[in-house]
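Me: I've just opened this one and would like a careful walk through it. Could you take my questions as they come?

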Amino acid sequence: MESATIKTAVAPADAALTAAGARDTKFHTRKVCVYYGEKQALFDVDLDIFSNEVTALIGPSGCGKSTYLRSLNRMNDTIDICRVTGDIILDDIDVYSREIDVVHLRARVGMVFQKPNPFPKSIYENVCYGPRIHGIASGKADLDQIVEESLIKAGLWNEVKDRLDAPGTGLSGGQQQRLCIARAIAVHPEVILMDEPCSALDPIATAKIEELIDELRENYTIVIVTHSMQQAARVSQRTAFFHLGYLVEVGETEQIFTNPVDQRTQDYITGRFG
Amino acid sequence: MATNHIVKSFDEDLRELDNVIAEMGGLAEVQFADAITALVKRDGELAERVVVSDKRIDELESKVDSHAISMLALRQPMANDLRVVITALRIASVVERIGDYAKNIAKRTVALTQTPPVGPTRTIARMGNVVQGMIKTVLDAYLQRDADMARDVRLRDEEVDALHTSLFRELLTYMMEDPRSISACAHLLFVAKNIERIGDHATNIAEQVHFLVHGELPGSARPKGDESSYTVVNAE
Amino acid sequence: MTDITMNDSSEMNAPPTAHKGATAAEAVRRSLKRRYAAEARFRAYGIAAVIFAMLALTTLFATIISSGMSAFRATVIELEVDLDASVIDPDGTRNPQTLATANYRALVFNSLRGMFPDVTSRNDRRDLTAMLSRGASFQVQKLVVDDPSLIGSKIKITVPVSSDVDLYEKGVIKKGTDSADRRVNDKQMAWFDDLKAKGIVSTRFNTTFFTAADSREPELAGIWGAVTGSFFTMLVTLLLSFPIGVAAAVYLEEFAPKNRITQVIEVNINNLAAVPSIVFGLLGLAVFINFFGLPRSAPLVGGMVLALMTLPTIIIAGRAALKAVPPSIREAALGLGASPVQVVSHHLLPLAMPGMLTGTIIGMAQALGETAPLLMIGMVAFIVDIPGGVTDPATVLPVQVYLWADSPERAFVARTSAAIMVLLGFLVFMNALAVVLRKRFERRW
């Protein structure tokens, strides 16, 4: 498909708002293409992520949403055959430029993964690892405070404050995921990327995490990839629909789920194809 | 819609909704037609039957209600599916009211059979025909999801309103000329009003059809030609 | 299971579909007997294999133990020696040189002759003296040199008998064959029996075996020199191979780009593991000794050669341990902004360390038992001193076994087996340690 014929569907009201610069843009991505060796996984994605709100990326399996997410904090660098082209600009800095320090980038853009992956260390060690390696804390007392703050923000403090030395892997699934979120926010990032964070959790744990995301968006920009449309509908303010590597439609969540512009979007969210 | 749902029972549920609405609408059409016929022919028995049959429409409305609520809870419909369920709820309620108006007309017909016949039944019959056509068209438009067909219905309401205004004048004149006809004319006033309201409800349904297809209510205000509220007839 | 054949199609063609379930169950039931029979046969093969292996192992151990057990006991005689000042220090100067070179043999002989006054002929005197170990005089010498004040007194010492008498006592050399051909002739046997009757002969635990270095005399020979030599060699091997192996494993697994060069390196490492060990010995000889001029027979060179041999084992085990760490840990660490080196040192190495250690211990155990390469670099020499450092000439346990096995003295037969037992003991211990380590640190992710 030629890139010239690709147009992402955007509702008129949304386009007007965006063009007027009425929102604070955190990530400004243009013509993003990702290749795995010879195979192209993302085709010319133009997408803006706005500050202090939750953007959901939805789409069927293999549509490229996780690939796009991982390009934002250059986690795709760990895959040898992966090549990213296009502009991914975080606050006026091109994330793939030579001057950018990947380690510093990942401190600004944190990530929470699908399967909770706490380090096989104590809860305290898990949360303080990030601040320690980046030298954020100025002493043990400072570190203790950061750990406590992060665990409180992640909604886990009350459950673990008496056993900070217990191994992180001994917690339940939902608690482990909240620990991973606490670990991510301990480095004071600006953006939190979440790759299907609730897919391994039961409904109550999921609900707690969704509540947490709602609270977090006051201070962080959040991009979440999810398989569940209901979750995207509950949790996000903006939703982007990906299909076969193309960004098909992006807009306000309410509009996407009540009256989407593109037929493919409608077919996907009503369950007419998957 | 282009394709079917992956889960077939979802499509079956939507079809069931359509079926019940279709049944309700058909019944309401028949009720209204019979009521007008009974009125014009002064047929008391037909009128009685209409009154009794309204119960069926009420039952069907309950059925649509519970089916729609169950679909909302169990299927979490989105986008156009959601609009189908919401409009089905609204339309069912509107059709139920149409049925009620038809029943009211029939009741008044029974009363009118006990008074000597009064003049302007032709106009009423004409109004009745137009509205009957509107009901049929709009229900077809709903079942075929045709917004253009529905738009025409909105325009025809202008005619109904005009007829109603002139009928209003006529009946007032009759009443002023012959006080003995006041009883009958009073009933006819209400009958005419009922028919005019049914026409308005038909346009409501048309607006819902537009919402269903396009995702938003029609922007332009519908033509309102009912000036009966402002009509005054003075005795010379 | 190849014994199972397809059921005949007649059952598959049963017309009513309702019965298809029933006929399928029937078919399964019928095949069960065959399947269980095959299962039982397979089990029997397994058990037979295990029994065979156990038998072989038991036979090996039994042979070694039975032949080596006797080496752990040594026959000794308690002698009273008169430290005659006129023999040791006639001038009375207590000059250390004089003390060191005095004729202690005569003193010992005098002590023995004191018990057998009628031994007069030269041959008899020689035979009598030959019953004691040559080390007896050195024992007396050491005592006097250490404490000259003993001169003039009578002391009681416990000296070992000669190896032949020891064998006689243990029943290996028997009466019966022609006296002239035996190592212990009739007269000596009579004298020995006499001494036993006097009650001064006893058998005690052979500590010399564990504390002395190698010697021409079997009763004075011990493995301590070889053990020390093995220790220094293993030390050098460990210090060289572990850091290099771990670093190589980390680099190959985490940092090396996946291109042809890396593949070539990997293939070569795997091949290194298959190279015959004697080739490493030749390499050590040519490069370390001839080119770099390092001392021959030194544990330093031995350790370097063995390090080359152990390196592939450690690298392969290390890579496997690193591969076993789930990628989610790496991703979590990278996502937090850890640099690649921090990911390795903070997370991967601690988690992979048990596997690496296990591989290292196994590699070390293999190296401990290596003989061929060490022969090439000269660790086959006869070393009587206990090595003090990595550059002193030394020998290692397996080479000691080889030397003793080659020796003509009959008493060395038992000692060879005893040395093998010690070596096996170390190997079993190290392998058990590896197993325990592995089990203790086995993680379930």
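Me: How much of chain A is buried?
Reply: This is a predicted model, and in it buried residues make up 56% of the 274 residues of chain A.

Me: And what about the overall size of chain A, what box does it fill?
Reply: Taken along the principal axes, the C-alpha atoms of chain A fill a box of roughly 55 × 40 × 35 Å. The radius of gyration of chain A is 19 Å, which agrees with the value near 19 Å that a compact globule with 274 residues would have.

Me: How many helices and strands are in chain A?
Reply: Chain A has 11 helices and 10 strands.

Me: Switching to the chains together, which chains share the most contacts?
Reply: There are 2 pairs of chains in contact, and of these chains A and C share the most contacts. Chain B and chain C, on the other hand, are joined by no contact, and their closest C-alpha atoms lie 27 Å apart.

Me: OK, so how many residues does each side give to the contact of chain C and chain A?
Reply: Chain C gives 18 residues and chain A gives 21 residues. The area buried between chain C and chain A is about 1,600 Å², and carbon and sulfur atoms give 63% of that area.

Me: Why quote an area at all?
Reply: The accessible area lost when the parts come together is often used to give the size of an interface.

Me: Which side chains meet in a salt bridge there?
Reply: The rule finds 1 salt bridge across the interface of chain C and chain A, and in this salt bridge the side chain of Arg70(A) meets that of Glu331(C), at 3.0 Å from N to O. The count of residue pairs in polar contact between chain C and chain A, with both residues at pLDDT 80 or more, is 4.

Me: Which elements of chain C give two or more residues to that side?
Reply: Those elements are α15 (327-335) and α16 (340-368) of chain C, and α15(C) gives the most, with 7 residues. Sorted by class, the side of chain C that touches chain A has 8 nonpolar, 7 polar and 3 charged residues.

Me: Changing topic, where is Thr233(C), and is it buried or exposed?
Reply: Thr233(C) sits in helix α11 (residues 224-255) of chain C, and Thr233(C) is buried, because its relative accessible area of 1% falls under the 20% cut-off.

Me: What is Thr233(C) in contact with, leaving aside its neighbours within four places in sequence?
Reply: Its contacts are then Pro299(C), Gly302(C), Gly303(C), Leu306(C), Met379(C) and Val396(C).

Technical notes: Residues numbered from 1 in each chain as written. Chains lettered and ligands numbered in written order. Predicted model: local features only at pLDDT ≥ 70, side-chain atom pairs only at ≥ 80, totals over all residues. Heavy atoms only, no water. Contact = heavy atoms within 4.5 Å. Buried area = accessible area lost by both parts, 1.4 Å probe. Salt bridge = Lys/Arg side-chain N within 4 Å of Asp/Glu carboxyl O. Polar contact = N/O pair within 3.5 Å; in protein donor to acceptor, adjacent residues only side chain to side chain. Helix = DSSP H or I, 4+ residues; strand = E, 2+ residues; numbered from the N terminus. Nonpolar A, V, L, I, M, F, W, Y, C, P; charged D, E, K, R; others polar. Rg over C-alpha atoms; globule rule 2.2 N^0.38 Å. Buried < 20%, exposed > 50% of the residue type's maximum accessible area, 1.4 Å probe, protein only.
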